[in-house]
Amino acid sequence: MVDLGIPQIPLSLAPRRVSRQLRLGHDDRAVLVGGGAPVSVQSMTTTVTADVNATLQQIAELTASGCQIVRVAVPSADDAEALPEIARKSQIPVIADIHFQPRYVFAAIDAGCAAVRVNPGNIKEFDDKVGEIAKAAADAQVPIRIGVNAGSLDKRLLAKHGSATPDALVESALWECSLFEEHGFRDIKISVKHHDPVVMIAAYRKLAAACDYPLHLGVTEAGPAFQGTVKSAVAFGALLAEGIGDTIRVSLSAPPAEEAKVGIAILESLALRERRLEIVSCPSCGRAQVDVYKLADEVAAGLDGLEVPLRVAVMGCVVNGPGEAREADLGVASGNGKGQIFVKGKVVATVPESKIVETLIEEAMRLAEEAVEQGLTGKPEVITA
Ligand code: SF4
């Protein structure tokens, strides 16, 4: 057995909150959400949904990036008409995102979408339509996400609370749930999104304590890639560490595949998903005897696409280098323009700085092949930097 050095779920993470389980989809593409299912990563297309080819192309890119559920916007009749083909051809479950027009909810259910997201704050006469929607969704076994958003909170609640407070967001969500519950419908997941992680965390904590519906985590309008990644990682990290959250969507002003990658990285960081390539590299300092930034970038690029979990240490000097390199599956501790290469805690070679990257990649490939022989995961593949 190859010991890949991947940790078990740390004891400091709280147990997952107990939630109802939903099934998104009816065939082998289905994804379970809640009820102990692994936390899933989702994103949303940015194409015009009516442009079926462009939308399916983006869904294929998202699927390749590891995204497990995709949401498409349905603002027009043309978009609604495109749903059957998109739902049929997508490799992952498709959720229709409906604002304003209840009739598109029925179109999405008829189209074979895996779920429908409704925004109770802006669906016209939504409360009057809940009975019909609940019946159609129950008949087709299509879950509904009640997606409350700070920017489109129900005006009645905005007036009552003065702003989109955690209480206002939660009250809106639970009110809409109660309308569905009156019709016996409970295949619901909920989101209460806010752009401020502090408000968002408080809202989800309250919601988690008040119901057993699975929760879709999101910091809405989180910002450009850097800011949005930080906000999402902080907010999701706080909640997931408390066991709260069943599916996540990182919202970035960046291509959707980037959202999926960040979501996956957040789950890997919390050991809620098997870690793949993990580079343990030092920040460098005045003691560094090699160019650590360049080395770390080249090793990361050279091992991009590796399908096995691997921890690789890239360290700049002998202070912490040997210790970290020894603890990793593979590592280099640098000094005097040379690198000591460690594999599974043992020094296997000392090479000049110019050979460090290629030696690490060779050793990584060897370890990956061993792991594949052990049946641990798919075939190793390296993209040359
Ligand atoms: S490993 Fe060495 S070079 Fe890197 S940060 Fe630590 S002391 Fe500095």
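Which residues does UniProt list for "binding site"? The unreviewed entry gives Cys282, Cys285, Cys317 and Glu324. The model discussed here is predicted. The protein has 12 helices and 15 strands. Its radius of gyration is 23 Å, close to the 21 Å that the globule rule gives for 385 residues, so the protein is as compact as a globular protein of that length. Along the principal axes, the C-alpha atoms fill a box of roughly 75 × 40 × 35 Å.

**Annotated C-terminal region**

- An unreviewed UniProt entry assigns residues 278-364 the annotation "domain: IspG C-terminal".
- This stretch is 34% helix and 33% strand.

**Listed cysteines**

- Cysteine 282 sits in the loop between S11 and H10.
- Cysteine 285 also lies in the loop between S11 and H10.
- Beyond its neighbours within four places in sequence, cysteine 282 contacts Val292, Val314, Met315 and Gly316.

**Five-stranded sheet**

- An open sheet is built from 5 strands in the order S11-S12-S13-S14-S15, with mixed pairing.
- Strand S11 (277-281) and strand S15 (346-352) are the edges; each has a single partner strand, so one side of each lacks a neighbour in the sheet.
- On average, neighbouring strands of this sheet are turned by 20° against each other, direction ignored.
- Strand S14 (residues 338-343) runs antiparallel to S15, and the two pair over 6 bridges.
- Within that pair, glutamine 340 stands opposite threonine 350 of S15.
- Lysine 338 has proline 352 in S15 as its bridge partner.
- S14 and S15 make a hairpin with 2 residues between them.
- In the turn, lysine 344 has a positive phi of about 50°.

- H12 lies across S12, S13, S14 and S15.
- H12 runs at about 10° to S14.

**Packing of H10 and H12**

- H10 contributes Leu295, Glu298, Val299 and Gly302 to the contact.
- H12 contributes Ile356, Val357, Leu360 and Ile361.
- By class, the contact of H10 with H12 has 6 nonpolar, 1 polar and 1 charged residues.

**Eight-stranded sheet**

- Another open sheet has 8 strands, in the order S8-S7-S6-S5-S4-S3-S10-S9, and its pairing is parallel.
- Strand S8 (188-193) and strand S9 (216-217) are its edge strands, each pairing on one side only.
- Strand S3 (residues 40-44) and strand S10 (residues 247-249) pair in the parallel sense over 3 bridges.
- Serine 40 has threonine 247 in S10 as its bridge partner.
- Helix H9 (residues 256-269) packs on this sheet and touches S3 and S10.
- The direction of H9 makes about 160° with that of S3.

Methods
Residues numbered from 1 in each chain as written. Predicted model: local features only at pLDDT ≥ 70, side-chain atom pairs only at ≥ 80, totals over all residues. Heavy atoms only, no water. UniProt positions renumbered as here; feature names shortened; annotations may be inferred. Helix = DSSP H or I, 4+ residues; strand = E, 2+ residues; numbered from the N terminus. Contact = heavy atoms within 4.5 Å. Nonpolar A, V, L, I, M, F, W, Y, C, P; charged D, E, K, R; others polar. Pairing = 2+ DSSP bridges. Axes fitted to C-alpha atoms, helices over the stretch in contact; angles between N-to-C directions. Rg over C-alpha atoms; globule rule 2.2 N^0.38 Å.
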